[in-house]
Amino acid sequence: MSRGESMKLCSRIRAWWGIGLLVAAALLTPSAKAAVFFVDFGNSTYPSAASTYVDSNGNTWNNAINATAGSTLSNLRNTDGAASSIGVYNVENFGVNGGAGAGGLVTPNSAYLGDFAVSSATIDYWYVSDAADSTGRDLWITGLDPTRAYNLSLFGSRAIATSRGATFTVTGGNGTFSINQLQSGTDIGADGYDGNNNNITRFMYVTPDANNRIAININSYVGDLGYLNFLGLEEAVPEPSTALFLLLGGALFRYARKRQLSQLPLR
C-alpha cells in the first residue's frame, strides 16, 4: 500500500469513527429530563376531590375520580408538578370502590412499591366485572409525544381470600402486549397479605399509535373482577447500548492506524 493510499484509509476510518461518536453522543444524551406521571384511580374520599395532590415524598399525583364513559383527566401533571398535554380518557364505565372496609391496601410498603407506596393511591381503586362486560374496559392515554416511547407501571389490589386478578393489555404503535396480574387471594402478597401488595406490572418502551395515544384494556382473568389502583407513566430514555460501539470504533481506528504505519516504507 502506498503512502497516499494509507493516508486516505486513515482519513476514512477517522471520519466514520467521528460520525459514530456523534451518533452515540446524541443517543446517550437525552434532550431533556424524562418526565414521570403518577395517576391515582379511585374515589373522591382518598384523599379528596381535587384533580391533583402532593404526597409525603413531594411527588405530584393526578387524581382520577370520574369513572364514567367519555370523561377525561386532562393535562396530567408530572411528579414535579408541571402540566402536560397528556390525558387519560375513559372509553367505558368503570366501577369505583375502596377504603379499609372495601379491601383497599391501607399501608403500602416502599420496600415493595417504591415511590408508589402512597396510601391514598393504593387504598381505593377502579374495577371491571365479567358480569358487566366480558371483554373488559378500556382507557386511552392521549396527547403523547409521537417521537418518544413510554414505560407503563400498572397495579391493582383487593384484600380478600377469593382469587381474583386482571389481564392488562397495552396497545401502541409498536404492538399489543398482555400481562396477567394476580390481585387477591390467600397469602398471595408479601408477608402473608391476602392481596397484591408487592407486584407492579410493567410495560417497557411502548410507542404511541397514529393518534398519539396508548390504549389500556383491563379485564379479569381469575375470578370475575379485576382492579386498577394506580398507573405510572414514564418517558423512556435510550439505554447506553452504543457505548460498546464507541469502544469498538476506537479499537478499530487504533488497529488500522498501527497497521498502516507498519506498512509505510522506511526512510
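F116 and F230 are both buried, where buried means under 20% relative accessible area, exposed means over 50%, and partly exposed is in between, with a 1.4 Å probe and protein chains only. Before I go on, the basis: this is a predicted model, in which local features need pLDDT of at least 70 and side-chain atom pairs count only at pLDDT 80 or more, while totals for chains, interfaces and linings use all residues. Residues are numbered from 1 along each chain as its sequence is written, and side-chain values use heavy atoms, with hydrogens and water left out.

F116 has a relative accessible area of 8%, so F116 is buried. The ring centres of F116 and F230 are 4.6 Å apart and the planes are at 10°, so the pair is stacked. The pair links distant parts of the chain, with F116 in the loop between α2 and α3 and F230 in strand β15, residues 230-235, the two being 114 residues apart. Helices (H or I, at least four residues) and strands (E, at least two) are DSSP runs, numbered from the N terminus.

The structure holds eleven aromatic pairs. Rings of Phe, Tyr and Trp, the last by its six-membered ring, pair if their centres lie within 6.5 Å; planes under 30 degrees apart count as stacked, over 60 as edge-to-face, and the rest as tilted. One of the pairs is F38 with F116, tilted, at 4.6 Å centre to centre and 45° between the planes. F38 lies in strand β1 and F116 in the loop between α2 (110-113) and α3 (119-122), so this pair ties together parts that are 78 residues apart in sequence. F38 is buried as well, with a relative accessible area of 5%. Which residues form the aromatic cluster? They are F38, Y53, W61, F116, F155 and F230.

Next, the charges. How many salt bridges does a search of the whole structure find? It finds three, a salt bridge being a side-chain nitrogen of Lys or Arg within 4 Å of a carboxyl oxygen of Asp or Glu.

R148 and E235 meet through their side chains at 3.5 Å, N to O. This pair links distant parts of the chain: R148 is in the loop between β8 (137-142) and β9 (150-155), E235 is in strand β15, and they are 87 residues apart. R148 counts as buried at 19% relative accessibility, and E235 counts as buried at 14%.

R137 and D133 form another salt bridge, at 3.3 Å, N to O. R137 is buried at 15%, and D133 is buried with a relative accessible area of 15%.

The salt bridge between R213 and D209 is at 3.6 Å, N to O. R213 is partly exposed at 21%, and D209 is partly exposed at 22%. R213 also lies over the face of W140, 3.6 Å from the ring centre; the criterion is NZ of Lys or CZ of Arg within 6 Å of the ring centre and within 35 degrees of the ring normal.

Last, the backbone. The peptide bond from Y46 to P47 is cis, with omega near -5°, and P47 is in the loop between β1 (36-41) and β2 (52-54).

Two residues other than glycine have positive phi: D191, near 60°, and Y205, near 55°. D191 is in the loop between β11 (175-184) and β12 (201-206) and is exposed at 67%. Y205 is in strand β12 and is partly exposed at 32%.
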